[in-house]
Amino acid sequence: MKNQLVFIKENNAVTDSLTIAEMFGKEHKNVLRDIETQMEYAGEEFNELNFERNSYKDSLNRLKPKYDLTEEAFTLVVFGYNTKEAVQTKIKF
């Protein structure tokens, strides 16, 4: 398990969809769906500044999609979750 929710990428604090899935006990495909739903609601300008579509190689060396998210994007996606982990994250926030 990753022990770091946020990391630095190009001088910006970000997290990614894989980390969110792991930290909140969700399947990555469902986190991707949640992100894409929020992107539909948020609009193009917000999305360009806060979500970056990327990829990673899975255990079978296949290229799979993921997203890097700014703090604002993370907040938008995760604050819709109602798991114990999400509630604790909201309290810390």
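**Rings, core and a loop**

Reply: Let's start with a charge and a ring: the charged end of Lys26 sits over the ring of Tyr81, with 4.3 Å between that end and the ring centre. Keep in mind that you are looking at a predicted model. The protein chain has an average pLDDT of 88, and 94% of the residues score at least 70. Among the elements, E4 has the highest mean pLDDT, at 97, while strand E1 (residues 7–9) has the lowest, at 74.

Now for the pairs of rings. To describe such a pair, you give the distance of the centres and the angle of the planes. Searching the whole structure turns up four aromatic pairs. In one of them, Phe46 and Phe51 have ring centres 6.1 Å apart and planes at 65°; the pair is edge-to-face because that angle is over 60 degrees. Phe51 belongs to strand E3 and Tyr67 to strand E4, so their pair ties together parts that are 16 residues apart in sequence. Tyr67 counts as buried because its relative accessibility is 6%, which is under 20%.

Let's stay with Phe51 and look at its neighbours. Leaving aside residues up to four places away in sequence, Phe51 touches Ile35, Met39, Phe46, Tyr67, Asp68, Leu69, Ala73, Leu76 and Val77. Some of these names return when we turn to the core. The largest nonpolar core has 16 residues, and those with the most contacts inside it are Ile20, Phe24, Ile35, Phe51, Tyr67, Leu69 and Tyr81. At least two residues of this core come from each of helix H1 (17–23), helix H2 (28–42), E4 and helix H4 (71–78). In soluble globular proteins, nonpolar side chains tend to be buried together.

Asp58 counts as buried because its relative accessible area of 14% is under 20%. What does the side chain of Asp58 reach? It comes to 2.9 Å from the backbone nitrogen of Leu60. The Asp58 side chain also makes a polar contact, at 2.8 Å, with the side chain of Arg62.

Asn61 is in the loop between E3 and E4 as well. Is Asn61 buried or exposed? Asn61 counts as exposed because its relative accessibility is 54%, which is over 50%. Its backbone deserves a glance too: Asn61 is not a glycine, yet it has a positive phi of about 65°. Most residues other than glycine have a negative phi.

Glu10 is placed in the loop between E1 and strand E2 (12–16). At 66% relative accessibility, Glu10 counts as exposed. From Glu10 to Leu32 the separation is 22 residues in sequence and 23 Å in space, C-alpha to C-alpha.

Note on methods. Residues numbered from 1 in each chain as written. Predicted model: local features only at pLDDT ≥ 70, side-chain atom pairs only at ≥ 80, totals over all residues. Heavy atoms only, no water. Buried < 20%, exposed > 50% of the residue type's maximum accessible area, 1.4 Å probe, protein only. Polar contact = N/O pair within 3.5 Å; in protein donor to acceptor, adjacent residues only side chain to side chain. Phe/Tyr/Trp six-rings, centres within 6.5 Å; stacked < 30°, edge-to-face > 60°. Helix = DSSP H or I, 4+ residues; strand = E, 2+ residues; numbered from the N terminus. Lys NZ or Arg CZ within 6 Å of the ring centre and 35° of its normal. Core = buried A, V, L, I, M, F, W, Y, C linked by side-chain atoms within 4.5 Å. Contact = heavy atoms within 4.5 Å. pLDDT = per-residue confidence, 0-100.
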